[in-house]
Amino acid sequence: MQAINLNEYVLSNVTHKFNFVLKPTFEIAYIRNHSVAEQAGLKIGDKLLRVNNKSALLFSLSQLNELLSNNNQEIIIEIERNKEKKTVKLVLKDEI
């Protein structure tokens, strides 16, 4: 066995650069009982991937909330659950 002192080695011409970008992830936190979302099979913890064929990353939280509050509108949502993707179609309606 041979021991070496790593403090004696100098790295030169290191060209590795790292760039970290934080991207938002939208996850379903609540589903009202007997709602359109529940009937479509959405579950708490599902991650939103796409909304109406657009990446969920392109929306802000307020934009998503506004979109989901439009009554009589059909929306297509792609989610990820347990590393599996699923697409559901919802027709929004006022449930109150």
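Predicted model: local features only at pLDDT ≥ 70, side-chain atom pairs only at ≥ 80, totals over all residues.
Local features here need pLDDT of at least 70 and side-chain atom pairs pLDDT 80 or more, while totals for chains, interfaces and linings use all residues. Residues are numbered from 1 along each chain as its sequence is written, and side-chain values use heavy atoms, with hydrogens and water left out.

**Whole chain.** Switch to cartoon and you'll find two helices and five strands, running β-α-β-β-α-β-β along the sequence. Helices (H or I, at least four residues) and strands (E, at least two) are DSSP runs, numbered from the N terminus. Now colour by burial: 22% of the 96 residues are buried (under 20% relative accessible area, 1.4 Å probe, protein chains only).

**Surface.** The accessible area (Shrake-Rupley, 1.4 Å probe) is about 8,400 Å², and carbon and sulfur atoms own 51% of that.

**The largest pocket.** Select Tyr30, Arg32, Ala37, Asn65 and Leu68, which lie nearest the pocket's centre among its 26 lining residues. Strand E1 (26-27), helix H1 (36-39) and helix H2 (61-68) are the elements that each give two or more residues to that lining. Highlight H2, which gives the most, with four residues. Colour the lining by type and you get 16 nonpolar, five polar and five charged residues. What is the volume of the largest pocket? About 780 Å³, counted as the space filled by probe spheres set on the points. A pocket is an open set of points on a 1 Å grid where a 1.4 Å probe fits, with protein on both sides within 12 Å along at least five of seven lines; lining residues have an atom within 4 Å of a point.

Terms used: Buried < 20%, exposed > 50% of the residue type's maximum accessible area, 1.4 Å probe, protein only. Nonpolar A, V, L, I, M, F, W, Y, C, P; charged D, E, K, R; others polar.
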